[in-house]
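Good morning, and thank you for coming. I would ask you to look at the sequence and the structure together as I speak.

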Amino acid sequence: MFSRYKKTSDAPAKPAPAAVVASATPAAARAAAPEKRPAVQMRPAPGAIGRPAAEAVAVDKEQKRKDRLMELKVELHKKLLENLNLAALESASEANLKAEIAAIVAEALDEMSVALNKDDRVALNQELYDEVMGLGPLETLLKDESVNDILVNGPKRIFIERAGKLTLTDITFKDERHLLRIIDKIVSAVGRRVDESNPYCDARLADGSRFNCMVPPVAVDGSLVSIRKFKKEKLGVSDLVKFGAFTEEMAAYLQAAVSTRLNVIVSGGTGSGKTTTLNALSSFIDNTERVLTIEDTAELQLQQIHVGRMESRPPNVEGKGAVTQRDCLRNALRMRPDRIIVGETRGEEVIDMLQAMNTGHDGSMTTIHANSARDAVSRLENMIAMAGIEMPLKAVRSQISSAVNLVVQASRLQDGSRRMTSITEITGMEGEVISMQEIFRYERLGLAGDGKIIGRFNATGVRSHYSERFRQWGFDLPASIYEPIA
Ligand SMILES: Nc1ncnc2c1ncn2[C@@H]1O[C@H](COP(=O)(O)OP(=O)(O)OP(=O)(O)O)[C@@H](O)[C@H]1O
Ligand SMILES: [Mg+2]
């Protein structure tokens, strides 16, 4: 039944490389420790509180060892910056640079009479390389393919999201200055600056990851950094079916909906998988169509050949030169698009998006922050009101109901799994109210012992409003896909 969709990727998720955590022999670390203890008070390791005394002592020792190693790293970093030919760094190959760093580190350790075993030395060299060439402590997390999000709450707390679950790592920055230096490295690479008067910034890392930071004093307990990792291998429809995000029947329905050019909104909360779903749905677009994408941070990776990508731009330091999503969208309408895809509709561009959907750019798609299909429609109404468009509510609703055909709800459930919890069609207006019908939904049946949610996808028993259209376009979906399981 579900054979027409294009598979974007079959690649299995790569295993996570082991995190490189600095370690050194206690004797070596002691020898390397400067006389003064660091001013920063380290937090106890997670779970240390309430443990038996011997265990608490061991945890404390381990923490001290880490502190000392951090001091050693800072010292070596300083020496490296003094000794490396910074001008030559750009052209040096990774292998040459690593060899040079290893040589300088070996000499410095000798001078400091610090002995490290081979593993510790390799780990230290890698960390120093990351410090000089990359983003310091963030580098191991950026390389770890299983990490989706990196969230920094001040220098001593770095959280990661893996498989939908947030956990605290034992990776830290030395102090706020260290964190600020890395932030500065990132934002200056995109020609921006953050400081007291300009305390936040969006940027894209060299690998395409989405980056946002906010620095003190607006960030109260130290700089806040959020990174959404860029995935080279985007999840395709078949991957999402395999991961249980939706069923083959739902995929067949979505294929018909996208191919027959219904206008689709993917709705969901933060990190619920909206962009991933949008990207996967776009694989159903025919290769002959001209698709234009508009995003604040270019994340979509469409597989078609005829794709024009646009990225909005914030104002520069003088507050000039901004190019908004709305500017891009208005311009896109003059670029003969067959379909327009807006990464996320969140402001005044809503009106142009709805107009585009209403005026011959069928099959356009966007995402919106909302918790249900009804909520998504209310969000659209609010955005129109906030854009200063004075239109009676009924007219606004009629505009929405004729523009949007389908709302696909993405959700991250409490066990971390991401699922398409509802597919709802917008069928028109009944009086002042937009009429909708849900076609598929996720039903929660209970909770397993391990905290996993037990549930299933089910049809609601309602046949698609667009069945005839699907049929005319050659998508004869069997009636059975609309039949609910009892
Ligand atoms: N069904 C899924 N199974 C496993 N991982 C998923 C699934 N859907 C999305 N992800 C992963 O979850 C992360 C967040 O997804 P995505 O960027 O699509 O969310 P979003 O709703 O667009 O977030 P935001 O609100 O921040 O824009 C990504 O790293 C993505 O690879
Ligand atoms: Mg997104």
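Predicted model: local features only at pLDDT ≥ 70, side-chain atom pairs only at ≥ 80, totals over all residues.

Beyond its neighbours within four places in sequence, Tyr253 is in contact with Ile423, Ile439, Leu477 and Ile481. Where does this residue belong? Tyr253 is a member of the largest nonpolar core, which holds 68 residues; together with Met250 and Val264, Tyr253 touches the most other members. The largest share of this core, eight residues, is supplied by helix 9, residues 248-259. As general background, nonpolar side chains in soluble globular proteins tend to be buried together.

One is an open sheet of nine strands with mixed pairing, in the order 9-8-10-11-7-12-13-14-15. Which strands stand at the edges of this sheet? They are strand 9, residues 307-311, and strand 15, residues 453-459; each has a single partner strand, so one side of each is left without a neighbour in the sheet. From one strand to the next, the twist averages 25°.

Within this sheet, strand 8 (residues 291-295) and strand 10 (residues 339-342) run parallel and are joined by four bridges. One example is Val291, whose bridge partner in strand 10 is Arg339. Helix 14, residues 393-403, lies across strand 13 (418-430) and strand 14 (433-447), and runs at about 120° to strand 13.

The other sheet to consider is also open; it has six strands in the order 3-2-1-6-5-4, and the pairing is antiparallel. Its edge strands are strand 3 (165-168) and strand 4 (200-204), each of which pairs on one side only. Here the twist averages 15° from one strand to the next. Strand 2, residues 158-162, pairs with strand 3 in the antiparallel sense over four bridges, and Glu161 stands opposite Leu166 in strand 3. Helix 7, residues 176-189, lies across strand 1 (147-153), strand 4, strand 5 (210-214) and strand 6 (224-228), at about 55° to strand 4.

Finally, the ligand. Which residues come nearest to ligand 1? Of the 17 residues around ligand 1, they are Asn148, Gly273, Lys274, Thr275 and Thr276. Helix 10, residues 274-282, contributes the largest share of this shell, namely three residues. By class, the shell comprises four nonpolar, eight polar and five charged residues.

Thank you for your attention.

Key: Residues numbered from 1 in each chain as written. Chains lettered and ligands numbered in written order. Near = placed C-beta within 6 Å. Helix = DSSP H or I, 4+ residues; strand = E, 2+ residues; numbered from the N terminus. Nonpolar A, V, L, I, M, F, W, Y, C, P; charged D, E, K, R; others polar. Core = buried A, V, L, I, M, F, W, Y, C linked by C-beta atoms within 7 Å. Buried ≥ 20, exposed ≤ 12 C-beta atoms within 10 Å, placed from the backbone. Contact = placed C-beta atoms within 7 Å. Pairing = 2+ DSSP bridges. Axes fitted to C-alpha atoms, helices over the stretch in contact; angles between N-to-C directions.
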